[in-house]
Amino acid sequence: MTDIRQDGFLGGRLRIAQPVRGYRSGADAVMLAAACPAQAGQTVLELGCGAGVASLCLGWRVPGVVLAGIERQPDYAALARDNAQGNGINLSVHEGALEAMPEALRARSFDHVIANPPYFTGGTAGPDAGRAIARQEKTPLELWLDVALKRLKPGGSLSFIQRADRLDGLISALGTRAGGIVILPIAARAGREAGRIILTARKGARAPLRLLAPFVMHESAWHLRDAEDLTAAASAVLRDGAALTSLFAKD
C-alpha cells in the first residue's frame, strides 16, 4: 500500500490517512460511531477497524473512552495506529482474524462492541485485495455477532451497521443471547426505502424489539447536482460529530 491520501472527517476535525485505491471508510463508519452509547471511562472494541475511522470518530466525541480494534489486514492496522497517533486519540490496534482472536483481546471483556462488517456475500471481487476483503464477506455474519457477544460484558451493548436486506440474518444470529434490539433504518431520501440499518442490542437483555422512524440523509427528493445536500440531522452527525444515541434511548 503506497498511495495514501488524507481524508477529513467531522468537518475536518479528524484527518484520516486512507488508501487511494483500496477500501476507504465513509459516512457509514461515522454513523456507526454516532450510535454507540459509550461514556468516558468505558471500553469499546471495534471488529474489523480498517484505518480506524469509526473508533476515532467515537474517541473524538467521547474523550476518555478506552478504544481497541482488531483488523486482519496489516497495512490497514498500521494506518489505524498512525491515524490514532496523528489525531491524538488513544486506540490500541491488534492484528488478527475474528476466528483467531489474539489472546490480548480474548482475555478482555468490553462495555461496547461496534462493527461495520462486509456488506456483500457474492459477486466478483475488485482488483484491489484490501478493498475486496473489506467489502465481500468471507467470515460469516453470524461469526461477527458471536465474537461481539463473547467479548461483551453482561449487559454490554453492541452496535452494527449493515445493509437493510441483511437485517433478518442479524436478528436470527442474535437469537436469545441479546435483547433490547433497536433498529434505525437509514434512507438516502424521504420516501425512499432504507438501504442501511443500524442495529443495537444489549447482551442478556429481554426488552422487546423497537423499530425507529427512518433517518433521512439528504434533503432533496432527487439527486439534482453534485453538491452536498445533507439534512440538518445528517450534517450534525457527519460534520459536527453529533451523537445518534438519543434516538435509541427509550422515552
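In the predicted model, glutamate 219 is exposed, with a relative accessible area of 55%. This residue is found in the loop between β11 and α8. When neighbours up to four places away in sequence are set aside, glutamate 219 is in contact with Asp229, Leu230, Thr231 and Ala232. The C-alpha atoms of glutamate 219 and alanine 233 are separated by 9.9 Å, and these two residues are 14 residues apart along the chain.

The protein chain as a whole contains nine helices and eleven strands. Of its 251 residues, 49% count as buried. Among contacts between residues at least 6 apart in sequence, 68% join residues at least 24 apart.

Beyond its neighbours within four places in sequence, alanine 164 touches Ala194, Gly195, Arg196 and Ile197. The C-alpha atoms of alanine 164 and arginine 196 lie 4.6 Å apart in space, although 32 residues separate the pair in sequence.

Threonine 200 belongs to strand β9 (residues 194-203). Its relative accessible area is 10%, so threonine 200 is buried. With residues up to four places away in sequence not counted, threonine 200 touches Ala35, Leu158, Ser159, Gly180, Ile181, Val182 and Phe248. Another buried residue is serine 55, for which the relative accessible area is 1%. Serine 55 lies in helix α2 (residues 53-61). Leaving aside neighbours within four places in sequence, serine 55 is in contact with Glu46, Leu67 and Leu91.

The packing of helices was examined for one pair. In general, two packed helices are described by the angle between their axes and by the distance between the axes. The axes of helix α6 (residues 141-151) and α7 come within 9 Å and cross at roughly 45°. Because of this angle, α6 is oblique to α7. The crossing of α6 past α7 is right-handed. At the contact, Leu141, Glu142, Leu145 and Leu149 of α6 meet Leu170, Ala173 and Leu174 of α7. The residues of this contact comprise six nonpolar, no polar and one charged.

The largest nonpolar core holds 45 residues, of which Met31, Ile198 and Leu244 touch the most other members. Elements that give two or more residues to this core are the strands β2 (14-19), β5 (91-95), β8 (178-189) and β11 (215-218), together with the helices α1 (27-35), α2, α3 (74-86) and α8 (232-240). The greatest contribution to this core comes from α1, which gives seven residues. Leucine 244 is in contact with Met31, Ala34, Ala35, Leu184, Ile198, Phe215 and Val237, its neighbours within four places in sequence being left aside. A second, separate core consists of 29 residues, including Leu98, Leu170, Ile181 and Ile197. Leu170 of this second core also takes part in the contact of α7 with α6. Ile181 is likewise a member of the second core and is one of the residues touched by threonine 200, while Ile197, also in the second core, is one of those touched by alanine 164.

Terms used
Residues numbered from 1 in each chain as written. Predicted model: local features only at pLDDT ≥ 70, side-chain atom pairs only at ≥ 80, totals over all residues. Heavy atoms only, no water. Contact = heavy atoms within 4.5 Å. Helix = DSSP H or I, 4+ residues; strand = E, 2+ residues; numbered from the N terminus. Buried < 20%, exposed > 50% of the residue type's maximum accessible area, 1.4 Å probe, protein only. Axes fitted to C-alpha atoms, helices over the stretch in contact; angles between N-to-C directions. Parallel < 35°, antiparallel > 145°, perpendicular 65-115°, else oblique. Left-handed = near helix turned anticlockwise from the far one by under 90°. Nonpolar A, V, L, I, M, F, W, Y, C, P; charged D, E, K, R; others polar. Core = buried A, V, L, I, M, F, W, Y, C linked by side-chain atoms within 4.5 Å.
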